[in-house]
Amino acid sequence: MTRWGILATGNIAARFVQDLRLLPDAEVVAVGSRSAEAAKAFADRHDIPRAYGSWAELATDPDVDVVYVATPHIAHRDAALTCLRAGKAVLCEKPMTLDRAGSAELVETARSHDVFLMEAMWMRCNPLILRTLELIADGAIGEVTTVAADFSLAGPFPPEHRLRSRTLGGGALLDLGIYPVSLAHLLLGVPDEVKAWAKLSPEGVDENTAIILGYESGALAMLTCGMLGATPLVATITGTRGRIELPSLFFRPDRFTLHRADAEPEVFSAPLVGGGYQDEAAEVQRCLAAGLRESPLVPHAATLEVMGLLDAVREQVGVTYP
């Protein structure tokens, strides 16, 4: 049985706890927050035995095997450091920090304390995404030449909303754009060139962003994210002998369509179970049982490389954080 602690009490934390109930070998034993009242209310709502009014108390609970960090991403670094330094395994929501340097600090801390750390990029644990990778590796669409993906939401969001707040690490890129960028990285790796443009909000965060990643092979990725209008949230992976179409939500699909040259389209599907967070939780538990310190599905190198790409985009479009 893997005993989970939950650090934060917001919507994502609640959805994660609900999905943990789908895993027979998972148990939520404690929740921690900066507010004792918020922690107790969350614990009461989700039948969690212990509630702590500080991160440190949660991190030092001897009955907690792994902590899920679900704070706003401005607080990911400090929250994860608190747990890692206490010797706790950590699953940290994405983006793991605001920049590559912060993420590298977490990776080094995990390694120096010999504990497990994984970014909660659930897309990389999704069964159909993994099936897509298998088909591509088997040559189903030939050599990948183009990746196109979008993730934009309809506003308007008020200035104090976390997506628009510069002090909270807001903007479309870190919250939404990380998905298209991660998909391109998963399929094509680190690009040789990054080009980006964005419309900035009055607060100084990106609210409509376009990214082109270029590869020496000739492959390219065309990616968009924003918070001015809702896009289809789809992705297309094109190769020299076919393409794969991922429908909305491309990062958590219930099906995809394989188009091969001179063949009828094939639809691959899998039922959606829960909110989709249980797949990454199961991967964490598998790694812990095997004594691993990082996941082969979401390795530290991938987290750092994607964060480096996001840094490059922010530099080009002029988004900085305090």
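These are my short notes on a few features I looked up in this predicted model.

**Ground rules.** I number residues from 1 along each chain as its sequence is written, and my side-chain values use heavy atoms, without hydrogens or water. Local features need pLDDT of at least 70 and side-chain atom pairs pLDDT 80 or more, while totals for chains, interfaces and linings use all residues.

**Helix pair.** I took helices (H or I, at least four residues) and strands (E, at least two) as DSSP runs, numbered from the N terminus. H4 (residues 76-85) packs on H5 (residues 100-112) at about 5°, axes 9 Å apart; axes are lines fitted to C-alpha atoms over the stretch in contact, and angles run from 0 to 180 degrees between N-to-C directions. That makes H4 roughly parallel to H5 (angles under 35 degrees count as such). For the contact (heavy atoms within 4.5 Å), I listed Arg77, Ala80, Leu81, Leu84 and Arg85 from H4, and Glu105, Leu106, Thr109 and Ala110 from H5.

I then followed S13 (residues 255-260) into S14 (residues 266-269), which pair in the antiparallel sense over four bridges; pairing takes at least two DSSP bridges. Thr257 stands opposite Val267 in S14. Five residues lie between the strands, and Asp262 in this hairpin has a positive phi near 60°.

**Aromatic rings.** I looked up ring pairs of Phe, Tyr and Trp (its six-membered ring), with centres within 6.5 Å, and the count came to 10. Among them, Trp4 and Phe16 are edge-to-face at 5.3 Å centre to centre, with 65° between the planes (over 60 degrees counts as edge-to-face). Trp4 sits in strand S1 (residues 2-7) and Phe16 in helix H1 (residues 11-20), 12 residues apart.

Methods. Angles under 35 degrees count as roughly parallel, over 145 as roughly antiparallel, 65 to 115 as roughly perpendicular and the rest as oblique. Rings of Phe, Tyr and Trp (its six-membered ring) pair if their centres lie within 6.5 Å; planes under 30 degrees apart count as stacked, over 60 as edge-to-face and the rest as tilted.
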